[in-house]
Amino acid sequence: MIVGIDSMILVYAGFVPLKPGKRAADFEDLCVRSKLLLHQIERRKGTVLLPTIAISELLVPVPKAQQGELIAALTKKFVCPPFDIMAAAIAADLWSRHKRLPQDQQYGSRQVLRADAMIVASACAAGATDFYSHDGNCRALASLVMTPHDLPTSDPEDMFLEGDIRRGDV
Amino acid sequence: MVSKKKAAPTFRVHFVAPDLVPEQIPLRAVSDALSAVQDLASGRDPFEIAHVPPEKDIRLVDVRRGSAVYSCVSRAPDEARANLAHVGVLLSSTDEQQMEEDGLVAALRPIESLSQVARSMRCRIEVTLAGQQESPLFVVGEDAFQRISSRLLLRGDTTVIGRVERVGGATGMRCLLRVPGRHRILYCDVESKDLVRRLGQHLYEQIAARGTATWIHRSWRIYQFTITDFTQPQLGDPTEAIEELRSAGLKAWDEIADPEAFMRELRS
């Protein structure tokens, strides 16, 4: 099982909102779902691909002095494929095939399409067969070359896991 | 009842060079060349089929002293003639679309072998239909593979994820990787002895190999891969992994009031 993930999954999984409120509640839910995903992948001994382009996004708010430490930690836990020439060809294919997606699944912004296409293509070129993202447009794009998935809402193999995560027991 | 009548040759393989006599040709060169022509005649795709099926094999007939002409008989003669004629069309084609078709991809390794034999023997290898005085179906010189590969193959650095099946080798440093989604095992070259030793410590484990790949254009099938390094990232316990990432700097995202809006802004 080789899966690609987008950068937001790690942001959700590690996010602790400083202020309570509606958005904080939304993010708590996404945090739980992202952690469910990571637990499921680890249980299946899956390999997770986090493309280097996604790493660059994760680094933006991180102080420069700490960026090296975060990169080292990420590369210990994830395969981090760069945007190579095979990925370039896949990205070009994604850009052209994107126009054939239903209107409501197409990107409104070319720049966002370009960034997501490069991330999806990098994961695909390195051998990912599945791609996880909470973003519907990104999943539609990934569906052109891989099997897309949203974040899980429960764990079919461990009915207690979601509760354990919410209580902070795991 | 088995017929004792000698089979008529289907086609001939010529090693052509001034003053070339059979004694100069090592058995290995003859074997490599004939194996490659057999692959071409049977239409075998080396990526998909390990060996030429018995019902399509070729055998030598009329072998005699004073000749560097090897007459072969095919057990599927019509198919062999058609496949070899097709190789001739592919080799002489300059049209882009024909250059990329599956037939040429399947023929690539045999043509590489024939080119190597031609280079080592300083000759060209011609395949002609038996019993005909016409021009050869195709001719492979020492530069034939180079000429095709420069248009059909792409080279670049990449990552390949696979399970280490074997490491080592008597003649070269090799590593066999089982790559998910690929029918045949991937024979990789390894850059250094030190790397071979490191890979040997990870037999039957999955690795993320970094290296230089040669791909077949369009299909993106890996034709050759040289491993220059590898890693074995492991997520481990997710709770500990997230805590480790937060400590390493990921907690900087806590300061962002709306991470989704921030990411959208980054990407636009």
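**Close-ups of a two-chain predicted model**

**View 1. Chain B comes in three parts.** In this predicted model, chain B splits into domain 1 (11-142), domain 2 (155-231) and domain 3 (239-267). If you take the C-alpha centres of domain 2 and domain 3 of chain B, you'll find them 35 Å apart.

**View 2. Here's an open sheet of 5 strands in chain B.** Reading across, the strands go β2-β3-β1-β4-β5, and the pairing is antiparallel. Which strands sit at the edges? They are β2 (58-61) and β5 (138-140) of chain B, each of which pairs on one side only. Neighbouring strands in this sheet are turned against each other by 25 degrees on average, if you ignore direction. Helix α2 (residues 77-92) of chain B packs on the sheet, where it touches β1, β2, β3 (69-74), β4 and β5 of chain B. The direction of α2(B) makes about 60 degrees with that of β5(B).

**View 3. Now zoom in on one pair of strands, β1 and β4 of chain B.** How many bridges join them? There are 6, linking β1 (residues 11-16) to β4 (residues 124-129), and the two strands run antiparallel.

**View 4. Two helices of chain B, α1 and α2, pack together at an angle.** Two packed helices are described by the angle between their axes and the distance between the axes. For helix α1 (residues 27-42) of chain B and α2(B), that angle is about 105 degrees and the axes are 7 Å apart. Angles of 65 to 115 degrees count as roughly perpendicular, so α1(B) and α2(B) are roughly perpendicular to each other. On the α1(B) side, look for L40(B), A41(B) and S42(B); they meet A80(B), N83(B), L84(B) and V87(B) in α2(B). Sort the residues of this contact by class and you get 5 nonpolar, 2 polar and no charged.

**View 5. This is where chain B meets chain A.** Here 41 residues of chain B are in contact with 48 residues of chain A. On the chain B side, β6 (153-168), β9 (206-216), α7 and α8 (259-267) each supply at least two residues. Which element gives the largest share? That would be α7(B), with 8 residues. By class, the side of chain B that touches chain A has 22 nonpolar, 10 polar and 9 charged residues.

**View 6. Helix α1 of chain A crosses helix α7 of chain B.** The axes of α1(A) (residues 7-14) and α7(B) (residues 238-248) come within 10 Å and cross at roughly 95 degrees. That makes α1(A) roughly perpendicular to α7(B). From α1(A), the contact uses L10(A), A13(A) and G14(A); from α7(B), it uses I242(B), L245(B) and R246(B). These residues divide into 4 nonpolar, 1 polar and 1 charged. Is α1(A) enclosed or open? It's largely enclosed by the rest of the structure, because 8 of its 8 residues are buried. Among the buried residues are S7(A), M8(A) and Y12(A).

View 7. Because Q106(A) has 14 C-beta neighbours inside 10 Å, it counts as partly exposed. Leaving out residues up to four places away in sequence, Q106(A) touches H98(A) and L101(A). G136(A) is 30 residues away along the chain, yet the C-alpha atoms of Q106(A) and G136(A) are separated by 9.5 Å.

Conventions
Residues are numbered from 1 along each chain as its sequence is written. Chains are lettered from A and ligands numbered from 1 in the order in which they are written. This is a predicted model: local features need pLDDT of at least 70, side-chain atom pairs count only at pLDDT 80 or more; totals for chains, interfaces and linings use all residues. Axes are lines fitted to C-alpha atoms, for helices over the stretch in contact, and angles run from 0 to 180 degrees between N-to-C directions. Helices (H or I, at least four residues) and strands (E, at least two) are DSSP runs, numbered from the N terminus. Angles under 35 degrees count as roughly parallel, over 145 as roughly antiparallel, 65 to 115 as roughly perpendicular and the rest as oblique. Two residues are in contact if their C-beta atoms, placed from the backbone, lie within 7 Å. Ala, Val, Leu, Ile, Met, Phe, Trp, Tyr, Cys and Pro count as nonpolar, Asp, Glu, Lys and Arg as charged, and the others, Gly among them, as polar. Two strands pair if DSSP finds at least two bridges between them. Domain bounds come from an automatic or database domain assignment. A residue is buried if 20 or more other C-beta atoms lie within 10 Å of its own, exposed if 12 or fewer, and partly exposed in between; C-beta atoms are placed from the backbone.
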